[in-house]
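Trainee: I am new to this structure. Please take me through one part of it closely, the place where the chains meet.

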Amino acid sequence: MAKNFEAEILSNEEVAEKIFRLTLAAPELAEISRAGQFVQVKISDEFTLRRPLGIASTAGGRVKIFYRLVGRGTENLSKKKSGERLNILGALGNGFSPCNRKILLVGGGMGLAPLLCAAENYSADVLIGGRTSDEVIFWQEEFRPHVEKIFITTDDGSYAKKGFAIDLLPEVLSAENYSAIFTCGPEIMMRGIAKLAKEKNLPCEVSFEKRMACGLGACLSCSIDTARGRKKVCKDGPIFDAKEVFDYESDNPEN
Amino acid sequence: MADFSFKSLTCAENILQTEICGIKLPTPIFAASGTFGFGEEFENFVDLKRLGGVMVKCITPKPRKGNDGVRITETPSGMLNCIGLENPGIEKFLTEILPRIKNKMNIIVNVSGSSVEDYGELAKLLDVDGVAAIELNISCPNVKDGGIIFGTDERQAAAVTSAAKKSTRKPVIVKLSPNVTDITKIARACEAAGADCLSLINTLMGMEINIHTWRPTLGNITGGLSGGAIKPVALRMVWQTANAVKIPIIGMGGIRSASDAAEFFLAGASAVAVGTANFAEPSITMKIADDLEIYLQNCGLKNIRELVGKIKI
């Protein structure tokens, strides 16, 4: 059940250019959270809306969150110091399905945050995609204690294999039998991964991101089209079965 | 001693208790349509029975998918939305949703149609157990085929009001648009057509442009502005309208605190509704009720009704 928490900030540091890692002391929230869920962070009274951010770790009673500086809200958040308290609403959304057998996590950019939480809780390998070496190296460090194998691509070839995560995926899938793929990142990336998963007959769960106001399923800001009609990313998601959200018959990205 | 504390307890409980259109309200604080779902989404955060009522998400004759693309954006002290009346339609509301929520709170059903007849039909279908009142949405700025075309024309507003009034025994509240030159003209037209109550204001039409892509931020190009930014406009319109009509007013627009609410009562509102503030703080209505109670006590008043329209000019 979602609740409001006043959590103490343990650290709030820049781990790559414009990417921050926020660690909060929040034992109760950590206890009730599932991998794939998110929180609504209250920046200050100056802002009309909260900011939805994925839960990246719940280990040791601490909740870890990663965010990229994109606007005034995240800029304000980045200035908060350890020792300050932050009001967060959570845990929200459905979370990934429980899984006993080994899975493959495929993430692009900030999409790796909810996958890190999955890595903590499930047996998994991870395929990390990023634009530059700066964007992938800290993720590699974060995932290392929780996964068996790490595969990396960078768009510019500045680290590991040059290309997109999807380019490396067939090779990764042929080397091991995974029970499912969990993916989060740009929609175009998730779409490609879901298509390949379907060809291989692998279950695939995708994590969606959409602008939202309430995070509780009331405002309908985050509606998306699915095979079962419009669904709310905040409440019915953010995790969806790839088959429900992507139409493979059509190449139209609007579908 | 026991007697004394019982007395003070009932006194404290009664201070916010009031009535509007014959509906008993534990507090004069409503949740505004479109910001509170069907109420149940907020059950963990709010004692729904302590609200005056919930204006549930706007219902239309047929299900609507709402608008495509980006639906919200934050603006200085507010936000723009263009949800576009996404809702399951009246049939599903009556058969699936209403039975589930009807004993949980006072339910005001917000409705929108694309013709005068639609409003009559919706009002008729909602003349059922579990519905406390009907709120006619003639002010949604985000759909082409409904709402606002009726809210910006006196004759249309009157026609819609009268169609609804003829079709139902439920109190009819008309929700007014601020996107007009003189809101009191529309207000008087609705009153003359039989409206039991007016609620105001709906959102102000606005827009935002992304200077990197040169495209509008919102999928619908324009959207409705809400939140703290619109409070002075809403308050002015409530005050003007209160001077123009005799029927009660539910004031809304940017209310975030008990002091904001108190301003609306002073301007002439008999009750208030909280909208956008529910997004940032889902339990805000309860805090507003608590703080309003203290404010009234500090003013030496015994009931919220004593504050209504008491602005000193």
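Mentor: On the contact between the chains, 25 residues of chain B touch 18 residues of chain A. Two residues are in contact if their C-beta atoms, placed from the backbone, lie within 7 Å. This is a predicted model: local features need pLDDT of at least 70, side-chain atom pairs count only at pLDDT 80 or more, and totals for chains, interfaces and linings use all residues. Residues are numbered from 1 along each chain as its sequence is written, and chains are lettered from A and ligands numbered from 1 in the order in which they are written.

Look at the chain B side. Strand E5 (72-75), strand E6 (78-81) and helix H9 (277-280) of chain B each give two or more residues to the side that touches chain A. Helices (H or I, at least four residues) and strands (E, at least two) are DSSP runs, numbered from the N terminus. By class, that side of chain B has nine nonpolar, 11 polar and five charged residues. Ala, Val, Leu, Ile, Met, Phe, Trp, Tyr, Cys and Pro count as nonpolar, Asp, Glu, Lys and Arg as charged, and the others, Gly among them, as polar.

Now the partner. Chain A has seven helices and 15 strands. Its C-alpha trace spans about 50 × 40 × 35 Å along the principal axes of chain A. Buried residues make up 49% of the 255 residues in chain A; buried means 20 or more other C-beta atoms, placed from the backbone, within 10 Å of the residue's own. Among contacts in chain A between residues at least 6 apart in sequence, 59% join residues at least 24 apart.

Terms used. A residue is buried if 20 or more other C-beta atoms lie within 10 Å of its own, exposed if 12 or fewer, and partly exposed in between; C-beta atoms are placed from the backbone.
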